[in-house]
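Hello,

My notes on what turned up follow below.

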Amino acid sequence: LRLQSVDEGHRLLAKIKLAFIGLSAGDRAPDILRLLLYRPELFGKSFMQYVNRALRGESEWSVGERELFAAYISKLNRCEFCLGSHYAVAAKVMGAEVVEQALDDWRKAELRDEVQGALGLLETLTPNPSSIGMASIEAAEAKGLSRGAIEEVIHICAMFCTINALADSLGFRVPAASTFARMAGPLLKHGYAM
Amino acid sequence: VSKDRPRDELAAAVIEAVMNCPGETETDTRQAVRADAKATVERSEASGTLTGAIAEFTAAIATDARTANAQVLVESGISEDAALEIALSAAVGLGQARLEHGLRALEEADR
């Protein structure tokens, strides 16, 4: 990490958590946790409540679909860390082949219409938020998305545009794909609550 | 506890924490960074209140975060905690831009 205090300046309890997670993962605890556990009242605590609600709370989307949205936003923002992490979780639930197809060209992927509609919305909202208008919403609705489902997608976009920017500007180390795959199980089981 | 809290409330809590949590930068500075990052991604005019390394970092993270480096803020003479607060302020501005534009479009479509 580019900021040494975020890398290793944690309070004692956080240091113990990071050491334990590192031992469990068989690798250094990921940089995302170092950020979230450093001065958690500043960002980590509230952000993870938001993320856990969006990715694991009640939803019109499956967990795998929401993880796919997170991976797709991260791909559009070219954030290697978040793409690797959420690809691994989505692939564990939905299967690697369909997730790869979706990230490569969602129009040709074998996805239900609603998921295609969500990915279409994200394709515009992520890189160019001010160009979103009624037409984008109506296109999503035409694919079967309800108002609530669209609102969920918008929130997922907001939170991943936030964390993608932090991952890159703080210089998160990108673990091997095998490490992401190993972390996917616990993320599915326990979610993102801190 | 958070599972059933409304998403809007949780999003607002993130912004509130990043803007107002005690730290090494003034709330006014964090607000200006957040607003300028948001304006940059919206392709509207930045406030012009930021200068030097903070202005450059804010523009970079909003344009392509891979070109932004929080360490440069420290090299410009601010503390690591202040640099983190600047990075977080910019990042929540980027999220807020997506949230506001998305929800506004949804409201327009509802009318």
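Ile15(B) lies in helix α1 of chain B, which covers residues 7-20. Please keep in mind that the model is predicted. Leaving aside residues up to four places away in sequence, Ile15(B) touches Arg34(B), Val92(B) and Gln96(B). Ala82(B) is 67 residues from Ile15(B) along the chain. The C-alpha atoms of Ile15(B) and Ala82(B) are 17 Å apart.

Now chain B as a whole. It has 5 helices and 0 strands. Read from the N terminus, the order of elements is α-α-α-α-α. Along the principal axes, the C-alpha atoms of chain B fill a box of roughly 50 × 35 × 25 Å.

Next, the interface between the chains. Chain A and chain B bury about 4400 Å² between them. Carbon and sulfur atoms account for 63% of that area. Chain A puts 46 residues into the contact, and chain B puts in 52.

How many salt bridges are there between chain A and chain B? The count is 5. In general, side chains of opposite charge can pair when their charged atoms come close. One salt bridge joins the side chains of Asp64(B) and Arg78(A), at 3.9 Å from N to O. With the cut-off at 4 Å, that distance of 3.9 Å falls within the limit. Polar contacts across the interface of chain A and chain B come to 14 residue pairs, with both residues at pLDDT 80 or more.

Which helices of chain A each supply at least two residues of the side that touches chain B? They are α1 (4-8), α4 (44-56), α9 (134-142) and α10 (147-169). The most comes from α10(A), with 14 residues. Sorted by class, the side of chain A that touches chain B has 22 nonpolar, 13 polar and 11 charged residues.

Over all chains, the salt bridges number 20. Within chain A, Arg34(A) forms a salt bridge with Asp31(A). Their closest N and O atoms are 3.9 Å apart. Arg34(A) and Asp31(A) are separated by about one helical turn, because they sit 3 residues apart in helix α3 (residues 31-37) of chain A.

Last, a helix pair in chain A. Helix α5 (residues 63-76) packs against helix α7 (residues 96-105) at an angle of about 40°. The axes of these two helices are 10 Å apart. The crossing of α5(A) past α7(A) is right-handed. On the α5(A) side, the contact is made by Leu68(A), Ala71(A), Tyr72(A) and Lys75(A). On the α7(A) side, Val99(A), Ala102(A), Leu103(A) and Asp104(A) make it. By class, the residues of this contact divide into 6 nonpolar, no polar and 2 charged.

Best regards

Methods: Residues numbered from 1 in each chain as written. Chains lettered and ligands numbered in written order. Predicted model: local features only at pLDDT ≥ 70, side-chain atom pairs only at ≥ 80, totals over all residues. Heavy atoms only, no water. Axes fitted to C-alpha atoms, helices over the stretch in contact; angles between N-to-C directions. Helix = DSSP H or I, 4+ residues; strand = E, 2+ residues; numbered from the N terminus. Left-handed = near helix turned anticlockwise from the far one by under 90°. Contact = heavy atoms within 4.5 Å. Nonpolar A, V, L, I, M, F, W, Y, C, P; charged D, E, K, R; others polar. Buried area = accessible area lost by both parts, 1.4 Å probe. Polar contact = N/O pair within 3.5 Å; in protein donor to acceptor, adjacent residues only side chain to side chain.
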